[in-house]
Amino acid sequence: RRETLLRLRRYINEVVVDQLPPLTNLHRTLEEMSISGQFTGAGQGSNPAAATPFVVELVAEVREALLRTYDGRWQEVTDYQLKEVLVKETPEEIKRLGQMISIPKEFLEVPPLDTP
């Protein structure tokens, strides 16, 4: 079983580590196992049989889940987005927003300089 894990080392190279930075710790641990012949990391607490040196976590693939969830319903999604998310402002709202961020006319008018 240890030899199977150690065979993973050849697949963990610089390009893969750049794409998946958490593999750095895995690579270091595999190197440690190859040198010492055993894993010396944490996790040998009260129940060493249950503690394993590696934790494999399932990562949700959001894109695939979205594609499966909304398959055949994309028109419904776009209609909802157009109605609720991409709301167009009325001309009155645009004018009000423009007045909120514009410079007042008093600041733009420069009084004439008195010449001596």
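Is R9 buried, exposed or partly exposed? With a relative accessible area of 28%, R9 is partly exposed; that class lies between buried (under 20% relative accessible area) and exposed (over 50%), as found with a 1.4 Å probe and protein chains only.

## Basis of the model

This is a predicted model, in which local features need pLDDT of at least 70 and side-chain atom pairs count only at pLDDT 80 or more, while totals for chains, interfaces and linings use all residues. Residues are numbered from 1 along each chain as its sequence is written, and side-chain values use heavy atoms, with hydrogens and water left out.

## Overall architecture

The protein contains seven helices and zero strands. Read from the N terminus, the order is α-α-α-α-α-α-α.

Of the 116 residues in the protein, 4% are buried. Where contacts (heavy atoms within 4.5 Å) link residues at least 6 apart in sequence, 37% of them join residues at least 24 apart.

## Salt bridges

Three salt bridges are found in a search of the whole structure, each defined as a side-chain nitrogen of Lys or Arg within 4 Å of a carboxyl oxygen of Asp or Glu. One of them joins E31 and R9, with an N to O distance of 3.5 Å. E31 belongs to helix α3 (residues 23-36) and R9 to the loop between α1 (2-6) and α2 (14-19), so this pair ties together parts that are 22 residues apart in sequence. E31 is partly exposed, at 28% relative accessibility.

Another salt bridge links E32 with R28, whose closest N and O atoms are 3.3 Å apart. These two residues are four apart in helix α3 and thus separated by about one helical turn. E32 has a relative accessible area of 23% and is partly exposed. A further bridge connects the side chains of E76 and R73 at 3.4 Å, N to O. E76 is partly exposed at 49% relative accessibility, and R73 is partly exposed at 34%.

## Aromatic pair and nonpolar patch

One aromatic pair is found in the whole structure. The ring centres of Y70 and W74 are 5.9 Å apart and the planes stand at 45°, so the pair is tilted. Rings of Phe, Tyr and Trp (its six-membered ring) pair if their centres lie within 6.5 Å; planes under 30 degrees apart are stacked, over 60 edge-to-face, and the rest tilted. Y70 is partly exposed at 28% relative accessibility, as is W74 at 41%.

A nonpolar surface patch is formed by Y80, L82, V85 and L86, which together have about 440 Å² of accessible area. Patches are made of residues with over 30% relative accessible area and no salt bridge, with like charges joined within 9 Å and nonpolar side chains (Val, Leu, Ile, Met, Phe, Trp, Tyr) within 5 Å. V85 is placed in helix α5 (residues 74-85).

## Confidence

The average pLDDT, the predictor's confidence in each residue from 0 to 100, is 75 for the protein, and 71% of the residues score at least 70. Confidence is lowest in helix α7 (residues 105-108), with a mean of 71, and highest in α5, at 88. Over residues 42-46 the pLDDT is below 50, and this stretch has three contacts in the model beyond near neighbours in sequence.

How values were computed
Accessible areas come from the Shrake-Rupley method with a 1.4 Å probe; for residues, only the protein chains shown count as cover.
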